[in-house]
Amino acid sequence: MSAFTLIKPAAGYKVGDVATDFSLKNVDNKKVSLADFKAAKGFIVVFTCNHCPYAQAYEDRIIALDKKYKKLGYPVIAINPNNPAKQKDDSFELMQTRAKEKNFTFPYLLDEGQKIYPQYGATKTPHVYILQKTKAGNVVKYIGAIDDNYSDAAAVKEKYAENALDALLKNKDVAVKETKAIGCSIKA
């Protein structure tokens, strides 16, 4: 066995890393990249999909995050990381239907060829990465779950994503930088 077989591939971004930009197809058939959002202070990148019950349970909360934080400079950018050949319910056409049914207020992008989610290290749907725009680039400030209760929004005690965003908006350090994402495994 060579030494190379022991080396594992990179597990994705860690807090403090600079995330590279991407250009992915939105449900309106236009390409979207982070660079398109000139006035943004950062981004709420959410890896999510159509079929997963966890992702579905969080859809209204993701819409609420976008409505609250987009005007403050942190829009939601949703990315479907799943391979539609492996998960038919996550086809581009069904993404378009889902976005329309739920009145998504944010881009819903297809990670065609599953190239972006591994760079981030996303493993679940939903999996959140909060990025802050800096001179160095889009720095990862938070990775993990939206909150502490996927099944009941009314019973949430810790709003991890909101707490991180509120800290960034006050130029403070994010207290909880990482949590465990709870959801369906990505179907690559």
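In strand β8, which residue is the bridge partner of V46?

Reply: The bridge partner of V46 in β8 is V128. Please keep in mind that the model is predicted.

Strand β8 covers residues 127-134, and six of its eight residues are buried. A residue counts as buried when its relative accessible area is under 20%. Strand β8 is therefore largely enclosed by the rest of the structure.

Next come the pairings. Strand β4, formed by residues 42-47, pairs with β8 in the antiparallel sense, and six bridges connect the two. The pair of V46 and V128 belongs to this contact between strands, with V128 on the β8 side. Strand β8 also pairs with strand β9, which spans residues 137-144; this pairing is again antiparallel and runs over seven bridges. Within it, I130 has Y142 of β9 as its bridge partner.

In the loop between β3 (31-32) and β4 lies K38. With a relative accessibility of 71%, K38 counts as exposed, because the limit for that term is over 50%. A polar atom of the K38 side chain lies 3.0 Å from the backbone oxygen of A35. The C-alpha atoms of K38 and G73 are 9.9 Å apart in space, while the two residues are 35 apart in sequence.

The structure holds one disulfide, formed by C52 and C184 with their sulfur atoms 2.2 Å apart. This pair links distant parts of the chain, since C52 sits in the loop between β4 and α1 whereas C184 belongs to strand β10 (residues 184-185), 132 residues away. The link is right-handed, with 85° about the S-S bond. Both of its cysteines, C52 and C184, are buried. C49, by contrast, is in no disulfide; the nearest cysteine sulfur is that of C52, 5.0 Å away. The cut-off for a disulfide is 2.5 Å between sulfur atoms. C49 has a relative accessible area of 1%, so C49 is buried.

In summary, β8 pairs with β4 and with β9, and most of its residues are buried.

Conventions:
Residues numbered from 1 in each chain as written. Predicted model: local features only at pLDDT ≥ 70, side-chain atom pairs only at ≥ 80, totals over all residues. Heavy atoms only, no water. Buried < 20%, exposed > 50% of the residue type's maximum accessible area, 1.4 Å probe, protein only. Helix = DSSP H or I, 4+ residues; strand = E, 2+ residues; numbered from the N terminus. Pairing = 2+ DSSP bridges. Polar contact = N/O pair within 3.5 Å; in protein donor to acceptor, adjacent residues only side chain to side chain.
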